[in-house]
Amino acid sequence: ATFNVKDVNDDDYVQVKAENYKSGSQVNFPSYSPEKAGYKFSGWYFDRNLSEKVEENYTIGNENVDFYAKYTPKTYTVTWVNYDGTVLETDGNVKYNSTPHYNGATPERAAETGYTYEFKGWNPEISPVTGDVTYTAEDNKIAEKYTVKRVNYHRTVLQTDGNVEYNSTPHYNGAT
């Protein structure tokens, strides 16, 4: 008799292994646990609906039998941290190949003298989960801008420069 091992989670029910056994032989299923990327093997069943589990040692009869492998998606932990390493959110049990989502408030970074910060995204770029991963908030550093006026001793404006960035040197372009 032949038994065919199939993947119940595969829409095409592709055969992953077939073996021939003599009638009356025992098949030791724990010795054969097929691997599938992103999934853990969860047991053998007689039907696609996974209603009847195969016992640990099964005795082959005279007819061919199909066995179906059940898989459970592996899960991983996704951690979201701010620029300084402060944990903003931890998502456990995120299924393999699913795209994680941050559910918290937009990460913020306090302004510093002369600069403000604006959230620009996550590093690395968010992608389907294939293992534990940490995403770090990244910010755009924005220099504060000022208006610089040059006046003569009579308080007459000689030149006005708008949008001069913090910590930069303005230049006078007028006559001495």
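1. Arginine 155 counts as exposed because its relative accessibility is 69%, where exposed means over 50% relative accessible area, buried under 20% and partly exposed in between, with a 1.4 Å probe and protein chains only. This residue sits in the loop between S11 and S12, and although arginine 155 is not a glycine, its phi is positive, at about 70 degrees.

2. On the basis of these notes: the model is a predicted one, in which local features need pLDDT of at least 70 and side-chain atom pairs count only at pLDDT 80 or more, while totals for chains, interfaces and linings use all residues. Residues are numbered from 1 along each chain as its sequence is written, and side-chain values use heavy atoms, with hydrogens and water left out.

3. The hairpin that carries arginine 155 has five residues between its strands.

4. Asparagine 167, in the segment after S12, is another residue other than glycine with a positive phi, here near 70 degrees. Asparagine 167 counts as exposed because its relative accessible area is 67%.

5. As to the overall make-up, the protein chain has 12 strands and zero helices, where strands are DSSP runs of E with at least two residues and helices are runs of H or I with at least four, numbered from the N terminus. Of the 176 residues in the chain, 29% are buried. The accessible surface comes to about 11600 Å², and carbon and sulfur atoms account for 42% of this area, as computed by the Shrake-Rupley method with a 1.4 Å probe, with only the protein chains shown counting as cover for residues.

6. A second hairpin is formed by S7 and S8, with five residues between them, and glycine 85 in the turn has a positive phi of about 90 degrees. S7 (residues 75–81) and S8 (residues 87–95) pair in the antiparallel sense over six bridges, and tryptophan 80 stands opposite glutamate 89 in S8.

7. S7 and S10, in turn, pair in the parallel sense over four bridges.

8. Threonine 136, which lies in S10 (residues 133–143), is the bridge partner of valine 81. Its relative accessibility is 27%, so threonine 136 counts as partly exposed. Beyond four places in sequence, threonine 136 is in contact with Val81, Asn82, Tyr83, Gly121, Trp122 and Asn123, contact meaning heavy atoms within 4.5 Å.

9. What makes up the largest nonpolar core? This core has 10 residues, namely Tyr76, Val78, Trp80, Val94, Tyr102, Trp122, Val129, Val133, Tyr135 and Ala137, a nonpolar core being a set of buried Ala, Val, Leu, Ile, Met, Phe, Trp, Tyr and Cys residues joined through side-chain atoms within 4.5 Å. S7 and S10 are the elements that give two or more residues to this core. Apart from it lies another core, of nine residues, including Trp44, Val54, Tyr58 and Ala69. Valine 133 touches Thr77, Val78 and Thr79, residues up to four places away in sequence not being counted.

10. The peptide bond from asparagine 123 to proline 124 is cis, with omega near 0 degrees, and proline 124 has its place in the loop between S9 and S10.

11. On confidence, the chain averages a pLDDT of 84, and 85% of the residues score at least 70, pLDDT being the predictor's confidence in each residue, from 0 to 100. Over residues 11–15, however, pLDDT stays under 50, and for this stretch the model has 11 contacts beyond four places in sequence.

Methods. Pairing = 2+ DSSP bridges.
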